[in-house]
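The sequence and the structure come first, and the description follows.

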Amino acid sequence: MFCLVWGKRIGGRYCRLPAQAGMTRSRSVMEPRIRALELLGVAISACAWIFTLAATLRSAWLTLSTELLPTESYELGLWETCVVQDVQGALLCQRHDSLLALPRDIKLARVLVCAALCAGLLVLALAIPGSHAVNVRVESRVKKVMKMCSGALSVICGLLVLVPVSYVAHAAALRFFDESVPDVAPRWEFGDALYCGWTAGVLHLMAGTVLLASCAPLGHLRSRGALDRLQAGPRTEYV
């Protein structure tokens, strides 16, 4: 039996069409790229969660130092207020007594950052089994949905971190440049935790973008393969 598809081959096998051969080569080239994007997205998401945790636990959201006591400085965090003694190198902290007594920006930051931590864990819980490098007994379509959900949730995590950090920084800047406050009065300034929060927010946005980008080529290849199979049908003849 001969199979004639723009030529002929001897044997009882289906002939591979040029379009199908090109599709196979494209799939083999794209799969390593997709896996690389998946692993990169998971790695960036894990780093973003670590930075978010560091920003949440650190007490240096805002810092204050006075000329009257040059050997001491104060740190204001989400959970406690600390006094740093430069001479002895000691750190004395006291937890906030009441949530209602906190400033509005600190209360908002505490709620949103804790929500970002929980959502970041959910991102990793969806992105890791949704990766093609992990063998899970689910369909490829389910993996794609899991990656899309993790990517969208990672973008939301970035916003949950950036909003409170930027709001605390904005409120501190307004109080710092307040003309009604005397010049000799001490003012709160930016602490290290704010920079950790900004880094975490940017990494969450990057991780979400990478995870969503890893979903696009799969759908493109699948639709292209279906189109090639439809076009290949009328071009096969047997004699």
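What share of the contacts in the chain with a separation of 6 or more comes from residues 24 or more positions apart? Such residues account for 65% of these contacts. The model is a predicted one.

The chain holds five helices and eight strands. Starting at the N terminus, its elements follow the order β-β-α-β-β-β-β-α-α-β-α-α-β. Of the 239 residues in the chain, 36% are buried.

An open sheet is formed by five strands in the order 6-5-4-3-7, with antiparallel pairing. Strand 6 and strand 7 are the edge strands, each pairing on one side only. Within the sheet, strand 3 and strand 4 pair over four bridges in the antiparallel sense, and Thr63 lies opposite Glu75 of strand 4.

| Strand | Residues |
|---|---|
| Strand 3 | residues 62–65 |
| Strand 4 | residues 72–76 |
| Strand 6 | residues 90–95 |
| Strand 7 | residues 189–190 |

The largest nonpolar core has 17 residues, of which Trp61, Leu62, Val168 and Leu194 touch the most other members. Helix 2 (104–130), helix 3 (140–176) and helix 4 (192–213) are the elements that give two or more residues to this core. Helix 3 gives the most, with five residues. Apart from neighbours within four places in sequence, Val168 is in contact with Trp61, Leu62, Asp105, Ala109 and Leu194. In soluble globular proteins, nonpolar side chains tend to be buried together.

Notes: Residues numbered from 1 in each chain as written. Predicted model: local features only at pLDDT ≥ 70, side-chain atom pairs only at ≥ 80, totals over all residues. Heavy atoms only, no water. Pairing = 2+ DSSP bridges. Core = buried A, V, L, I, M, F, W, Y, C linked by side-chain atoms within 4.5 Å. Buried < 20%, exposed > 50% of the residue type's maximum accessible area, 1.4 Å probe, protein only. Contact = heavy atoms within 4.5 Å.
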